[in-house]
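Me: I would like to learn how to read a model of this kind, one feature at a time. Could you take me through it slowly?

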Amino acid sequence: MSFFQILLQLCEGLGYSVMIFLLTLVFSLPLGLLICFGRMTKIKPVSWLFRIYISIMRGTPLMLQLFVVYFCPYYLFRIPLRNMGDNWMFVSVIIGFALNYAAYFAEIYRSGIASMSEGQYEAARVLGMNKRQTFFIIILPQVIRRILPSLTNEVITLVKDTSLAFAIGQIEMFTMAKRLASSEVSMLPYVGAAMIYYVFNLIVATAMAKVEKRFSNYVIK
Amino acid sequence: MQILNVSGLRKSFKEQEVLRGIDFTLQRGEILSIIGSSGSGKTTLLRCLNFLETPDAGTITIGDRVAFDAADTRKLTAKEKRARQLQMGLVFQSFNLFPHFTVKKNLTIASELRLKEEKPQNGAEKATKKAQLEAIDRKAEELLSKVGLADKANDYPYALSGGQQQRVAIARALMLDPEILCFDEPTSALDPELTGEVLRVIRSLCDGERTMIIVTHEMEFARQISHRVIYMADGVIEEEGTPEEVFGNPKSPKTRAFLSVKD
């Protein structure tokens with residue numbers, strides 16, 4: 001098998017990697033904001049609940065969390081996994097990733113929101129804006145601008161983390177590489193996978209730089 | 001005609017009593033300066049008047065409506081809160097412009113949002129809405145000309161000097177036509193050479209119609225511009241009168257001491 005053929009085979013798995021990547025972002029970015037609100041609320045018990053959630057999500061390996069999500073229907077509700085439908089494996093990967101990344105994103109949002117000056121809230125208030133308008137129109141755009149560099153870091157990590165889905169048997173690029181490596185008795189598939197991950201991340205980093213540029217039409221003092 | 005009546009206003013932060021019973025009234029078109037040393041409670045008073053702080057006791061009446069009554073425990077609806085908020089305008093010491101919006105957007109955003117909340121029901125309403133948006137735009141341009149910044153409409157705040165930023169903030173406060181326009185030490189965050197332009201703009205607003213409350217350390221400015229001056233010390237109004245009375249012939253020893261240190 002030529003290196004080119006190996007790359008072609010890997011690209012089959014890449015489709016899943018990209019799907020895991022995109023779906024995780026779609027769910028975890030808004031979820032992270034909700035968790036951030038929960039963490040920042042003045043209602044102490046709620047705040048603590050979310051604190052514990054974030055602590056567990058950040059303190060245990062994502063791979064283990066994927067196992068927990070994948071097997072929980074059986075261990076919690078005694079539902080055999082084969083009754084969970086053909087997509088359960090993929091769905092549980094997305095749930096696991098989204099829950100995990102949302103915890104990280106929540107902390108990034110929190111750092112951004114905490115860095116906003118009280119004066120911005122007060123200015124919006126004396127101009128008669130309500131809380132929702134103040135947050136979404138005055139605060140959040142400035143927060144996003146501030147947290148974009150940290151967000152980029154997480155998003156790049158996510159590209160590489162998609163390979164963890166192989167742990168519960170979900171096909172994605174790393175699974176393909178592993179399979180090819182053993183059938184071909186060669187390290188070349190790993191080299192190919194590394195190259196594809198790198199190019200994937202190059203695209204992601206470039207895209208994020210574009211977004212950052214789009215947000216830097218003003219300077220923060 | 002009386003536009004503001006403040007009665008028995010008290011406010012504490014933790015153990016510290018910052019306002020210890022404030023009473024005064026304001027007539028429409030009157031310009032009131034509040035002077036006093038740092039920690040005398042003048043900024044807290046202004047923040048109470050703008051509903052950024054909730055007083056522990058007392059009432060605030062704007063026009064003939066009670067805007068705040070500490071004895072009334074009923075929770076205000078969002079609409080009521082906004083209505084009373086918009087009767088007051090506030091220019092902050094640190095400008096607090098929105099850095100992610102252009103100068104013009106800083107002026108128009110609040111009005112635009114208010115307009116957007118009323119969903120147009122039909123074509124005719126949509127058309128009036130468009131006309132209203134254009135009116136907001138024109139008003140912003142007029143106000144920017146008024147504060148001498150028409151050419152900065154599309155700049156972002158960071159590109160402006162402190163004096164220019166504060167003039168934008170003044171124009172922004174004027175956009176909503178508040179009954180009473182308040183200034184919280186509008187020149188205290190500025191370099192001395194920039195205070196002049198801001199004070200000139202404030203002076204240009206005195207047309208006998210507009211009611212203003214100015215907390216300031218600029219004694220000469222307060223003396224020239226005000227109809228009435230309040231000197232605050234330790235959370236109470238120590239002395240109140242015309243600029244001639246307070247600056248020319250202060251009765252209280254505390255006022256005298258404060259003014260002599262200032263000179």
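Me: Where does helix α1 of chain A bend, and by about how much?

Reply: The bend at a residue is the angle between axes fitted to the seven residues ending there and the seven starting there, and in this predicted model α1(A) bends by about 30° at A:G13. Before we go on, note that residues are numbered from 1 along each chain as its sequence is written, that chains are lettered from A and ligands numbered from 1 in the order in which they are written. Local features need pLDDT of at least 70 and side-chain atom pairs count only at pLDDT 80 or more, while totals for chains, interfaces and linings use all residues, and side-chain values use heavy atoms, leaving out hydrogens and water.

Me: What span does α1(A) reach from its first C-alpha to its last?

Reply: Helices (H or I, at least four residues) and strands (E, at least two) are DSSP runs, numbered from the N terminus, and the expected span of a helix is 1.5 Å times one less than its number of residues. Helix α1 of chain A, residues 3-40, has 38 residues and reaches 51 Å, close to the 56 Å expected.

Me: How many helices and how many strands does chain A have?

Reply: Chain A has eight helices and zero strands, and its C-alpha atoms fill a box of roughly 70 × 45 × 25 Å along the principal axes.

Me: In what order do the four strands of the open sheet in chain B lie?

Reply: Two strands pair if DSSP finds at least two bridges between them; here the order is β2-β1-β4-β5, with antiparallel pairing. The edge strands, which pair on one side only, are β2 (16-27) and β5 (65-69) of chain B. Inside the sheet, β1 (residues 2-13) and β4 (residues 57-62) of chain B pair over five bridges, and B:V6 has B:I60 as its bridge partner in β4(B). Strands β4(B) and β5(B) pair over four bridges, and in their hairpin, with two residues between the strands, B:G63 takes a positive phi near 65°.

Me: How many residues of chain B are in contact with chain A?

Reply: Contact means heavy atoms within 4.5 Å, and by that rule 26 residues of chain B touch 20 residues of chain A.

Me: Which side chains meet in a salt bridge?

Reply: A salt bridge is a side-chain nitrogen of Lys or Arg within 4 Å of a carboxyl oxygen of Asp or Glu. The rule finds one across the interface of chain B and chain A, and the side chains of A:E122 and B:R47 meet in a salt bridge at 2.6 Å, N to O.
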